[in-house]
Number of protein chains: 2
Amino acid sequence: MAKAENFSIVGQRVVRVEGYDKVTGEARYVGDIVLPGLLAGRILRSPYPHARILKIDTSKAEKLRGVKAVVMAEDTIKRPWGAFFADQYPLSVGKARYVGEEVAAVAAVDHDTAEDALQLIDVEWEELPAVFDAEEAMQEGAPLIHEDKPRNVAMTIDVERGNVQRAFHESDIVVEDTFESVPQWHCAIETIGSVAEYAANGKYTIYMNTQTLFNARYRIAAALGVRETDVRIIQTAVGGGFGGKSCDDNNAIVAAILARKARKPVKIINTREEEFLAGPRPRVNMKIWVKMGFKKDGWIRAKHIRVIADNGAYSGKAPAITAVASLRHDTCYKYSDVKTQAYLVYTNKIPTGAFRGFGNPSAEWAVEQTIDKAAHELGIDPLDVARMNAADPGYVSPHGNRVTSCELKQCVDIAEKLMDWKKKRAEKKPNTGLGIACTVHVSGKRHFGDYDGGSATIKINEDGKALIISGEGEVGQGAGTAMCQIAAEELGIPLEDVEISQADTDLTTFCLGAFGSRVTYIGGNAVKDAASKVKQQVFETAAELLEANPDDLISRDGRIFVRGAENKSVTVADVARARLFRRGGAPIVASGSFDADSVLQDATRYGNESGAYNFGCQAAEVEVDRETGQVKVLKYVAASDCGTVVNPIGAEGQVEGSVAQGIGYALLEGLKMEDGRPVNPNFSDYRIPAMRDMPPLSHAFAHSYEPTGPFGAKGLGELGMDPTAAVISNAIFDAVGVRIKTLPITPEKVLRALREKEKQ
Amino acid sequence: MAKAENFSIVGQRVVRVEGYDKVTGEARYVGDIVLPGLLAGRILRSPYPHARILKIDTSKAEKLRGVKAVVMAEDTIKRPWGAFFADQYPLSVGKARYVGEEVAAVAAVDHDTAEDALQLIDVEWEELPAVFDAEEAMQEGAPLIHEDKPRNVAMTIDVERGNVQRAFHESDIVVEDTFESVPQWHCAIETIGSVAEYAANGKYTIYMNTQTLFNARYRIAAALGVRETDVRIIQTAVGGGFGGKSCDDNNAIVAAILARKARKPVKIINTREEEFLAGPRPRVNMKIWVKMGFKKDGWIRAKHIRVIADNGAYSGKAPAITAVASLRHDTCYKYSDVKTQAYLVYTNKIPTGAFRGFGNPSAEWAVEQTIDKAAHELGIDPLDVARMNAADPGYVSPHGNRVTSCELKQCVDIAEKLMDWKKKRAEKKPNTGLGIACTVHVSGKRHFGDYDGGSATIKINEDGKALIISGEGEVGQGAGTAMCQIAAEELGIPLEDVEISQADTDLTTFCLGAFGSRVTYIGGNAVKDAASKVKQQVFETAAELLEANPDDLISRDGRIFVRGAENKSVTVADVARARLFRRGGAPIVASGSFDADSVLQDATRYGNESGAYNFGCQAAEVEVDRETGQVKVLKYVAASDCGTVVNPIGAEGQVEGSVAQGIGYALLEGLKMEDGRPVNPNFSDYRIPAMRDMPPLSHAFAHSYEPTGPFGAKGLGELGMDPTAAVISNAIFDAVGVRIKTLPITPEKVLRALREKEKQ
């Protein structure tokens, strides 16, 4: 454990490898892509939440000067697609199921012409009854959104481990409550966009700002009805993903359909409004009922939750998210008897989906408040409840998650210390309060096929520089830098001597991309494997040049030394040239691979979902203004166990950014709708935390070492926002004795709760 | 031998893989590359063949609105570069050495502004005495072009094998003569061009239509003073190379220098005039004295040649070309005693260099005429002289070239038959004549470092399609198609299931690229090696799925069968998915490599230069108009031994195209200069063969199998133009008894020779 001090590049505060490109504005985002004959694409969207399409007349649009292609369902194979359930069409077939759904599209010589052409498309609609609430949608007689989904239920989960009834019976106290969350948007600075082109040989090339290239390839190929290889995805620079750019939307598919018809490249970049309506799929909003049983000393004895998750009109990744919300938290604490029932339900709203944290923030919003409630009821410091129940290395959750490294207790200790918890608790001031919550997250997840792996190729150029050819992709999170550090560490060369390629499905091998906090752990392990094979080739040739045994060699700073005779050395460049420029010569190159020791969940949802789990504990001190209901976060602390911290600068950024998004989730965000129509799809009305909304933030990383990780590292990216909303709500309760159970925690809600409490 | 009938894809007449892109105009040439902020670059060239630069004032040019950068030597590291000798600067340092040399350059918002800015650059010149003839340049007191090259001699060769004096003594007859050739241009339809950009991290990315990416990278990095990895070369579609696009010129380097200074991407595409002045380096013109001794029956007993090769102002690949002209032909026939003396000499003219055939067409122009002369003198059919002396499998040339497969005699037989030689010879008509000549060529050549190899990576996608990731590049010669066929054959999948990547120095491993007829043989062998490793992975997993032994499996049409139980099968796609989507899964990918069994020549020029030799025999029937001197080629035949013919359509195209260029060399082409200034640098005054210049052409391939080649294949691309000029000259001699010894064979020269003959 805590082996980072033995590394020379892993663990260093390094400038990110693509940093120069970004700060100089030279990084090429999808908006910067230009191709000969490039057309602008625009999409006509449904104005109705649920409506039958009787007729589409595109003839006027087609005649507009400058219009090169108009497409609708007739131009597609009318085959639905989706990450887990195929339920979504590229362009509406028969009817539209939410306001914003793609109905038709135009490619024209410029954006304005395309926009004008949209106005000329006549759609004859027949409005259908719509349903906007998940619980209503499950009722008999509710409008049916998908013909093959009775009662609009997309998926159900019903799992019991142990004997929950008996466990509740054995509990000293039982607490129960219901909590609601809202859709939350990623609000990446760069909206979703793509440039698609179609070649005469039938191949589509799509430049897009996706975070999951190979999943995008698979889905786009399915939607277009072609083979995977017939779609080439080239990742551009990405201005933030957070799960929203994982290709659950139709942007690139529509661009491809237009490109094929126009026989010219087509660019479609979402406007900010489109980004809210039909871009990144917002966080799945859920209504979660929780019932938990505790022993007097704070031990968790039983848990039963019921989740009703709002799918919106199409499923995307919501099935997996709902499952995570239902099951994942049982890896955070040592549970024995748990029961979960979940329903994922279609409504006539924007499809929901993956956002940093996946199902965790919704689940922890509910469960961590319930635990807090019990701690208060039992009169135990919530920190002690967390510490007592916290998972340990070796813990196997009731659903089969096998914990390897785990420093959750250390995280609780760190949070306590950073917050000066004991002192503050002892000297509690009026209207101020402390709250904590814990979380667990994965480092990759086995759910796209029976695969939770990654691969990479590394070659050494004749100048001794290494090039990592990886399809994982950089979405702004610093994954590329971490992979370069891992390669440099393994190879013993300076970080400046490592580059990483742009991700490209043609030129890189299969990688699942950026989701589930997986890239450093899975991608990093694949890079380490490739690097170790490359190093073997380097040592083989170096041994010849140095007349030494390969086993006696060490590499450092780009040179290969003979151990114990360090005056004898050659540079990696010497070796690369020597290995290539000789009889029988060959370049130094190797492909590496890694698949996590995780298990695809069985029909009962049993199976170790990830190769490594990361943990965190966060605490807040808040002050509540009893006159206005305004909540001020006085101080926020976060402690994270992500194993070895590969690049502290990047890791700190991850924590800060995710806490900010957590604070937005807690206090500010959430789409407002009227009759299925979003009313705040813009940054004036949908507010995210700005600098002045951020509290003083302290954070630290646990000393930790994940034995299966690359140099001890595991995931981090999502962890930081998982518990935040619960932390703040718990602190508010501690401050003024009211508990807010629906997100966001607005001053109005706090004030109303205070007024009601006063009435009692 | 003749195993092609056992193959299912190799040997088939297939449509080239990039064919659709090209016929639809979708292929992206360098002219099609657009990037944000792209500037147009133009180059200021020396108007003098030899002149000192006293001063360059760019201030007026810099002030012109729209000009973004003006560069001259001061903006460079002033370090000379070159393929073999570093003697050329990106922009003139101190003086210019030929008309057309790059002196300064401008990047501006458009081509016209850049062109206007060139006019505003003031250069103060001091003219220096110049020398234009190689023999004059070697004289004491001639103007010195490079300070460090006394008598302007860039390189000399002086090699004797055996005892030439004794061999001449033992000869029955001795013939001797001197032949002159001219610079010949490649005249690719697309001129040289590049788009260079420079990133804040110091990396140059250059899109260029080069045929040798990694050599380009090495040279450009040297000229710019950076490491190889700091230059990324991405090959665009290439509209013909023929040796001219192998980066011996400054186009891309100047673009890179401008891009760095302007901090914007810069495109420079040669005008047709620039293409003649300072673009592809034209064929090295030589003056070759040949003396050969023969036994009465036609056996070649001795050979002594002296080559004076005109380097022009900078060496480029001329040293290697001069060596080939001096030594290569000794592999065509069974020589014992040979002597060669060669001088490569600087002149104040356009640098000469690599053009299809390298040194062969110049050498064969001289040697094959000398042999023909001897045949006539001895009264032996030249075909019989060729047949008698022709190399055989197992022959080792006096310089160490080791012949593996060789069907030269078969080629002579084929040429004889296709020409109906015996009958025509027996029924000779007045003013018509027959001529033949033979040739040998390499399949790759070990002369860039001690390496004559290639490498490739192949991956199998989840749909069963294979992607070859190769840096060899496609320059229009069909190499990509050949490599796809080789991969498909080895893998047992349909050709439609194989794609090949664009060549890119970052994403592909080291490849020498297209020169020396090497790609099918070397690149093909590397692809075959990668494919066989990939196949091993496929069979490993297929064996599990089929519950069989990997050794019992065969692949065909994209399915894997159990030998003898062919009802049991799985598709390659099944296998790819099964191997990836499982615990411990990994993509199917492997890198392959091949280095030819050739030997870097030693100081005495001894060493087997290539892994395989290809051979050819061509014959012509001509009719000479005694009134006008006009030569009409009535019929032309070509027989080629290229081992297995991988794609007959492509191979036929190679022969037809090269014979056309050979006919141009023989009858039409050659730059004309006055006082060091080209007077015909355009397609009006420099005529190349058009359709109506082409004779009826019959060709055939020898039944041949190269044991070291991929499925028996070896090189072909250059072979077809090597002997053509000699063939036609020999036929003219046979027709009217005059021998033209300087190229091109114009009607004026023929007429003059006829008049002189009549005088005698």
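Predicted model: local features only at pLDDT ≥ 70, side-chain atom pairs only at ≥ 80, totals over all residues.
Q: What is the phi of B:Asp420 near?
A: Phi of B:Asp420 is near 55 degrees. That is a positive value, and the residue is not glycine.

Q: Is B:Asp420 buried, partly exposed or exposed?
A: B:Asp420 has a relative accessible area of 39%, so it counts as partly exposed.

Q: What about A:Cys187, what is its phi near?
A: A:Cys187 has a phi near 55 degrees, again positive in a residue other than glycine.

Q: Where is A:Cys187, and is it buried or exposed?
A: A:Cys187 is in a loop of chain A, between strand E8 (173–180) and strand E9 (193–198). The relative accessible area of A:Cys187 is 12%, so this residue is buried.

Q: Switching topic. Which kind of peptide bond joins A:Leu743 and A:Pro744, cis or trans?
A: The bond between A:Leu743 and A:Pro744 is cis, with omega at about -10 degrees. A:Pro744 belongs to the loop of chain A between helix H18 (724–736) and helix H19 (747–759).

Q: And in chain B, what is omega near for the bond from B:Leu743 to B:Pro744?
A: There omega is near -15 degrees, and the peptide bond from B:Leu743 to B:Pro744 is cis. B:Pro744 is placed in the loop between helix H18 (724–736) and helix H19 (747–759) of chain B.

Q: Now the two chains. How many residues does each give to the contact?
A: Chain A gives 62 residues, and chain B gives 62 residues.

Q: What area is buried between chain B and chain A?
A: About 5100 Å². Carbon and sulfur atoms give 48% of that area.

Q: Which three residues of chain B supply more of its buried area than any other three?
A: B:Arg227, B:Leu507 and B:Arg583. They supply 12% of the area that chain B buries against chain A.

Q: How many salt bridges are there between chain B and chain A?
A: The count is 16 salt bridges. One salt bridge pairs B:Glu26 with A:Arg263, where the closest N and O atoms are 2.7 Å apart.

Q: Which elements of chain B each supply at least two residues to the side that touches chain A?
A: Among them are helix H1 (19–23), helix H6 (213–224), helix H16 (572–580) and strand E23 (588–595). The largest share, four residues, comes from E23(B).

Q: How does that side of chain B divide by class?
A: The side of chain B that touches chain A has 25 charged, 21 nonpolar and 16 polar residues.

Q: Zoom in on one residue. Where does A:Ala586 lie?
A: A:Ala586 lies in a chain A loop, between helix H16 (572–580) and strand E23 (588–595).

Q: Why does A:Ala586 count as buried?
A: A:Ala586 counts as buried because its relative accessibility is 18%, and the buried class is under 20%.

Q: What does A:Ala586 touch?
A: Leaving out residues up to four places away in sequence, A:Ala586 touches A:Arg579, A:Leu580, B:Tyr451 and B:Ser593.

Q: Last topic, domains. What are the domains of chain A?
A: Domain 1 is 19–26 + 453–595. Domain 2 is 34–128 + 191–240 + 246–278. Domain 3 is 286–441 + 610–759.

Q: How far apart are the C-alpha centres of domain 1 and domain 3 of chain A?
A: Those centres lie 38 Å apart. The contact takes 16 residues from domain 1 of chain A and 18 residues from domain 3 of chain A.

Q: What area do domain 1 and domain 3 of chain A bury between them?
A: About 1200 Å², with 63% of it from carbon and sulfur atoms. On the domain 1 side, A:Gln485, A:Ser517 and A:Tyr521 lose the most area, together 48% of what that side buries.

Terms used
Residues numbered from 1 in each chain as written. Chains lettered and ligands numbered in written order. Heavy atoms only, no water. Contact = heavy atoms within 4.5 Å. Buried area = accessible area lost by both parts, 1.4 Å probe. Salt bridge = Lys/Arg side-chain N within 4 Å of Asp/Glu carboxyl O. Nonpolar A, V, L, I, M, F, W, Y, C, P; charged D, E, K, R; others polar. Domains from an automatic or database assignment. Buried < 20%, exposed > 50% of the residue type's maximum accessible area, 1.4 Å probe, protein only.
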